[in-house]
Amino acid sequence: MAEISIPGVSNKYKTNDYIEALMNKERIPLTREQESLDRYKEQQSAWRGVNQKMSALRDSTKTLYSFENPFNNKIASSSNERAITAEAGRDASLESFKVDVIKEATADRFLSGEIDKNTKVPKGVYTYEIGEKKITFNWKGGKLTDFVTSLNKRGTNNLKASLVGVSNGKSALLIESLKTGDENSLVFKDDALTFALENKIIEKSKKNTEIFASSLSEIEKPIDESTVPNAVIPETEQKGMPPLTKTFVEYDEETGHFTVPPRSGFTLNIPEEYLETASEVFEFSYSTEAVEDLTEELNIKRTTRPELPDVGIATFKTITESVTVENEQSKTSLPEVSDEALIPITNQEDFFVHNKDGSEIKIDTAQLKTDEETGEKTVSVSLKDYPEIESIVVRNRNTGTQINLSQFSTYDEKKNSGYAPVNPSSQAGDAIIKYEGITIRRPNNKIDDVVPHVTLNVKAPTDETATIDISSDKESAKNALIEFVGRYNQVLAEMTILSENKPEVIDELDYLSDSEKEEAQKKLGMFQNDFSLTNGKASLRQIVSANYSWSDTAIITMLNQIGISSRASGSTGGYVQSQMRGYLEIDEKKLDSSLESSMDEIKNLFGYDSNGDLIIDSGIGYAIDKQLTSWTQSGGIIANKNSGIDTKIKASEANIRKLESQLAQKETQLKNKYGQMEGTLNNLNAQSSTIQSFANGGKSQN
């Protein structure tokens, strides 16, 4: 009996193979169209790659001639970075200056005595003041750790509290101001004051005044003003006036007063131990008293001269005549007498702060009030105002006035506020520096208003004068140029790969990885008939090799003058294909030398204003940017290329959809036809089997 074949299920007659063979032939147009679509997409991807590399080169190029070009960058170096560093802005001048750091700006940091970790902070109103900032809050009472957390939440950027483990179960509370400077002292008020006193953060203090300079042995002769830099001698000083001396200065142990007669003075050196506390203040009082003027006596002495006897004569007789010889006048070393009489000097009782560098600052006493009872004026010299003080100089230039001086005393200004820290880790103080010999105070350690466009960062006192050098940032300029060369070569390589079908084009690029070389192989010669790439390469090569005479006096006008060219490696003679293709090379030694000596000229080489309208309109950077803009901008060369490919892709995709639809219909038709054929054949097989059965049955009956 013949086998039964079900259409669409069995493949008894190999109809599927016949259909597939016919369909493969029908699919040839579709396969070709799909290959075209893939090719279009690869071309579009290639143009996007060119666009990406050109955009990167354009960005790099714009950096070289824009307002923020690296040739204007400045760097600041310090000879003592432990003590002071600096940051230079682009407009900073190229210069070198000296800085001494006397002290850095500090903030109050007070540590309590030992406190049990389980201590409860009482309920109350806790107030803290730091300069003009006031922090106050109502505390409901609770654990010390919770109090610290609550205080930190409210003291953001102004006040900070923390617990320092001291021993088992014991801690110390550290409360610190986050604001530096003399004016930002930490003050406790309300219940914060009570808590601070109870836990030995602060304590009550009395004015602690110490006396120094209570004998003649502690003073020295007045410093000679001729040794003082830029000293200003009053016009009242006259030729013939006796110099200032300490010879006649007296000290009365009973009253504790110095007496400074006319034309007298002295120098009092400040003890070193008093110069260690920034809040130290030195005080003395003085009054003046009229005494007999010296000028009359001085004038008499100056005009009185000794009378010399007549020199006499001698007569000699010779044989023929007598000769008379006169003696010469006596020669003396007496000074010439001025015809101008000395004029009395008044109101010239002066006091000076003498600094460690030899300079002096006159203390202004004109604005001081006179005590009605004592008739004295009190002079206060604060260390924070005169951080470089070494001594106090008294000069009584008067000829008829005597100065009566009290003993000299000193005290800590902070300790005279009524409270003083028990365990200060640091106390609020200004940063004090000397810039080119000028003393400067600032409340913080970042000082940006002393040197134009330069920020000084104070860190610690200097042992010796620090030198700050402001120079051009040659490293950033060099890196920008290296980046420019690298991106330029990438663009040129990409354009070469796409426009030339030569394997050596890829082999020359030894910096490519294996995977990058494989990708490059796929794109090799993809647009070899596209003259826009060839013309684009030629334009770029012409730009980087052209001469840019930005000034009549310009010396550097070409890129190869600073060590950047297609033959910068120095190879001479022979044929180097990569150099012929226009790839740029860098002679690093020559580039470093050019950056060292001609930074401004290099800047102008990449971009300059040729017509004075303050707009860059020429230079290598400007020209490359303009060239690349025509490629990368919206509606530019690459955009138009991709737009044309987009049209082809859409047409190809539409054609593919049409062909796929036609193939689907064709395949359905073939399946129907071959299915019908199978059905017919199956019916014939069935009839044949039936006939054969009947035939076999008839034979059995006979």
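**View A. Ser-532 is placed in helix α8 (residues 531-545).** The model is a predicted one, in which local features need pLDDT of at least 70, side-chain atom pairs count only at pLDDT 80 or more, and totals for chains, interfaces and linings use all residues. Residues are numbered from 1 along each chain as its sequence is written, and side-chain values use heavy atoms, with hydrogens and water left out. Helices (H or I, at least four residues) and strands (E, at least two) are DSSP runs, numbered from the N terminus. When residues up to four places away in sequence are not counted, Ser-532 touches Trp-47, Trp-631 and Lys-641; contact here means heavy atoms within 4.5 Å. With Lys-641, the side chain of Ser-532 also makes a polar contact of 3.4 Å. A polar contact is a pair of N or O atoms within 3.5 Å; within protein, one must be able to donate a hydrogen and the other to accept it, and residues adjacent in sequence count only if both atoms are side-chain atoms.

**View B. Glu-220 belongs to strand β14 (residues 219-220).** Glu-220 has a relative accessible area of 43% and is therefore partly exposed. The terms for exposure are buried for under 20% relative accessible area, exposed for over 50% and partly exposed in between (1.4 Å probe, protein chains only). Leaving aside neighbours within four places in sequence, the contacts of Glu-220 are Lys-246, Phe-266, Thr-267 and Asn-269. Asn-269 is 49 residues from Glu-220 in sequence, and the C-alpha atoms of these two residues are 8.2 Å apart. Their side chains are joined by a polar contact of 3.2 Å.

**View C. Tyr-65 and Tyr-622 form an aromatic pair.** The structure holds 25 aromatic pairs. The ring centres of Tyr-65 and Tyr-622 are 6.3 Å apart and the planes stand at 80°, so this pair is edge-to-face. Rings of Phe, Tyr and Trp (its six-membered ring) pair if their centres lie within 6.5 Å; planes under 30 degrees apart count as stacked, over 60 as edge-to-face and the rest as tilted. Because Tyr-65 lies in helix α1 (residues 15-65) and Tyr-622 in helix α12 (residues 620-632), the pair ties together parts that are 557 residues apart in sequence. Tyr-65 is buried, at a relative accessible area of 13%, whereas Tyr-622 is partly exposed, at 25%.

**View D. Phe-212 and Phe-408 form a tilted aromatic pair.** Their ring centres are 6.2 Å apart, with 50° between the planes. Phe-212 is in strand β13 (residues 210-212) and Phe-408 in strand β26 (residues 408-412), so that the pair links distant parts of the chain, 196 residues apart. Phe-212 is buried at a relative accessible area of 6%, and Phe-408 is buried at 1%. Both residues belong to one aromatic cluster, which also includes Tyr-251, Phe-258, Phe-266, Tyr-274, Phe-282, Phe-284, Tyr-286 and Phe-351.

**View E. Strand β25 (residues 401-405) is mostly covered.** Of its 5 residues, 5 are buried. Thr-401, Ile-403 and Leu-405 point one way from β25, while Gln-402 and Asn-404 point the other way. Strand β16 (residues 257-260) pairs with β25 in the antiparallel sense over 3 bridges; strands pair if DSSP finds at least two bridges between them. In this pairing, Phe-258 stands opposite Leu-405. Strand β18 (residues 280-290) also runs antiparallel to β25, and 5 bridges join the two. Here Ala-290 stands opposite Thr-401.

**View F. Strand β2 (residues 84-88) is mostly covered.** In β2, 4 of the 5 residues are buried. Strand β32 (residues 454-458) runs antiparallel to β2 and is joined to β2 by 5 bridges. Thr-85 stands opposite Asn-457 of β32.

**View G. Helix α10 (residues 588-597) has Leu-591, Ser-594 and Leu-595 as its buried residues.** Seen down the axis of α10, these buried residues fall within an arc of 95°, so they line one face of the helix. The arc is that of the directions from the helix axis to the C-beta atoms. The buried residues pack against α5 (474-499), β35 (585-586) and α11 (599-606). On the face of α10 turned away from the buried side are the exposed residues Lys-589, Glu-596 and Ser-597.
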